[in-house]
Amino acid sequence: MTAIKWFRKNNKKLLAVFGVLLMVGFLVPSFTGMRSQGRFNGVAGYITDQKGQDVEISLAQVQQKDVQLRVMRELGLNVLCQFDGQRSPLLCQLPTMGGVGPFPVIATSMLFFGDNQYALGVRHFLQGQAMNWAKDREEYERYLEYVNELTASEAGRGSLYFLLLAEEAHRNGIYATDKQIDQVFEAYRQLIERRHIRPHNIQQVLRSSRMSETELKQAVGDYLAIVRYGDMVTRQLAVSEPQLRKKIRDQIEQKNVEGTYISFSADMFRDKTGEPSEENLQKHFEKYKQFRPDEIDKEKNPFGFGYLLPDRVQVEYLKVDLSEVEKIVTAEFAQLPAGKQEETLQQYWTAQKQQFRVPLSESEIDPCDAQAPRYRDPAFDEVYGKVKQAWQQQQSREKGQVLLAQARETARKQAAALKSKKKNEGNSDKPEEATVEKRVDYKALSEKLSTDKIKVVFGKTEYISRQDLPQELLLGDTYKMRNETPQQSLLEILFACKPLHKGTVSRLDVPPIQLYEDITSLMAFDYRNRAMLAYMMRIVGVDSEREAEGLADDGRAGAASEKPLPESQLKTKVKDGWQNLQAYTKAKKQAETFAKNSKADWKKTFEETNITLKDPCAPADMKPLREQTLETTRQHIEWLTQTARKYPEQSRRFLPQIARNTTMLFKSMELAQEQRTEKEKTTVNKDKQPAVTRAILELPSQLNCMVFKDLQVTSPNQSEYLRRKPLATDEILRETQPPLTLIHYNPDNILKRSQFRENKPDEESTK
């Protein structure tokens, strides 16, 4: 009875305690779950909507986009967006996409799907294209920065960019249609059938990711909306009527500009320039010392003279001559019994059969059988000579690398011992790692590791630039090796070292090396792709790009404060530039004289000038001047272009000549247009014949002057203009789209347009 009275008396308190216990029972698991899944239940940040209000972006939303991108990548849908350097991505070729440009697809594939190797390839391509987009060096460097920010963007941020770009596209009314989404999946199915993508069980992938098929289609739709909106924004440039007329006029007139001309080049007058005085050399040097070589400035430097010293490094190296090692390997192999020789090569051939496969000819392949092999494995006897040569080369590489590996390990131990000694002496608070590393003596290492048969050679270069390399070292054909495969050019390693490195190091870049840091596993190859030298190397001095302090300072001895070498390459270069300028001045005067005298009789003046300029020591049939035509120049450009396409590995040889001829053709067209304009302005009496004029085209960057006999060009008529107008409009838009795409998809600009503000946990807790 007492207990009942107590319960009646304290029932309110008991109910309160029971309520508290009940709340704790429910809230503890909830807090535990929030702690275990906090990264998905929190706030990632805020964006501003169209009314200026803050909108929360949850971590769960970002995680959802991350899962969507991962599923699309796992299924292989990203293959539709990839660019191989030549053809547009497959997504651009879908009929329902309405001719979307390739650059928005390339940019989004970088942001959402770009693995490191693919991103490196795209970055290299875009960097090569940036020169065509820029008007000057400053703009070019700005585009390079945009390329680096796009291709090297953090992989983990792709889901956030996906979310923000999809929101931006939807706000502007861009959504994907069901037909577009279905066509993407149809293209995906065709890629699987052609074996471009490994077949996947879509339902199984979706189940493992806890995603429905509807959500996958929604993700694809969001991606298509992002691409279409990006294409629309980057092609909204207003194209004016005068811009179109000039574009079409130049396209047509560059193809039909005609004229017979004679060239007066500086080379024809070099032997008549004489020796410059020290005062003349100094004046010429002072005028152009701030320009890089071949840097054209229309007003200050139309000739492309430039004496600015480029970045330079000085290196020490240990070198093993692999061609000498191969001779030793060959002699040792010859001493083996015949049976042992064959057994050794048999083992190597068995392990490396793919290396000796022989491609089948078209007649040997069944065109109806897609699974038919495209190669055959030859018998051992058939490739015995190749196997022997490959084995000997491998053995020589291994022997050279073993020696240098010993050098590297010895250097590491010595450096560690010196560092430990310095620490014990109480100097650990003064880091002088470069000085410590420098005390590891490469020359002593070479003497210690050399044997009677194989020599490890020590060497030290002058300060060298990319353009001024010691030919005997093959530095331009040296690469850092990994698993017998070239991974990185030595020149990229040397000239991106920490003292020269500009900007930040991205996820695509190898961290720059420091002074006195050992660069190992280096191999130099000859033109036959045969390993010739093995190196271990380190940079011991850096001289950054700068103006030379005088004609004796060519940078080979390092900084200007250091003692210059007695024979200056810079002085020789300046002298050559001065003589070229004098020769061009004489060529220009001769061209003007010829143009004036040939008005009455072109043929007679041509013959007389040839006699005047002829070298008495030259053969009788050799004439310094000859008539040429612009049509021949066009044909030469076409031949060079076709040859470069046919032999891409040698294309660099042809590109400078193609560029020079194309420039000359374009300048000829501009000169013809100017002459035509002048004639239209001048009223000529119809009863009189117009005066004969000789057009002179000055090409200071090529140190050449051309005199035209009959320069003329035909303008397109109105019907031709109207016919070409749609194509020209599209061309202008596509020419401007790449740089605009870099700006639109720049990670910083994506965040700025949405006014995204990242949520910081400490700030949230204070609220």
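The protein chain folds into 26 helices and 15 strands, where helices (H or I, at least four residues) and strands (E, at least two) are DSSP runs, numbered from the N terminus. This is a predicted model, in which local features need pLDDT of at least 70 and side-chain atom pairs count only at pLDDT 80 or more, while totals for chains, interfaces and linings use all residues. Residues are numbered from 1 along each chain as its sequence is written, and side-chain values use heavy atoms, with hydrogens and water left out.

Of the 767 residues in the protein chain, 40% count as buried, a word that here means under 20% relative accessible area, whereas exposed means over 50% and partly exposed lies in between (1.4 Å probe, protein chains only). The chain exposes about 45700 Å², and carbon and sulfur atoms supply 50% of that area; accessible areas come from the Shrake-Rupley method with a 1.4 Å probe, and for residues only the protein chains shown count as cover. If we take the contacts (heavy atoms within 4.5 Å) between residues at least 6 apart in sequence, 72% of them join residues at least 24 apart.

Helix 9 can now be followed in detail. Helix 9 covers residues 178-193, which makes 16 residues, and reaches 23 Å from its first C-alpha to its last, close to the 22 Å expected at 1.5 Å a residue, the expected span being 1.5 Å times one less than the number of residues. Its buried residues are Q180, I181, V184, F185, A187, Y188 and L191. Seen down the axis of helix 9, these buried residues fall within an arc of 155°, so they line one face of the helix; the arc is that of the directions from the helix axis to the C-beta atoms. An α-helix has 3.6 residues a turn, so residues three or four places apart point the same way. The face turned away from the buried side of helix 9 carries the exposed residues D178, K179 and E193. What covers the buried residues of helix 9 includes helix 4 (59-75), helix 10 (202-208) and helix 11 (213-234). Helix 9 is followed by R195, whose phi is positive, near 65°.

T609 counts as buried because its relative accessible area is 8%, and, leaving aside residues up to four places away in sequence, T609 touches F264, Q590, F594 and L625.

Finally, we turn to the cysteines. C497 counts as buried at 1% relative accessibility, and C705 counts as buried at 0%. A search of the whole structure finds 0 disulfides, a disulfide being a pair of cysteine sulfur atoms within 2.5 Å.
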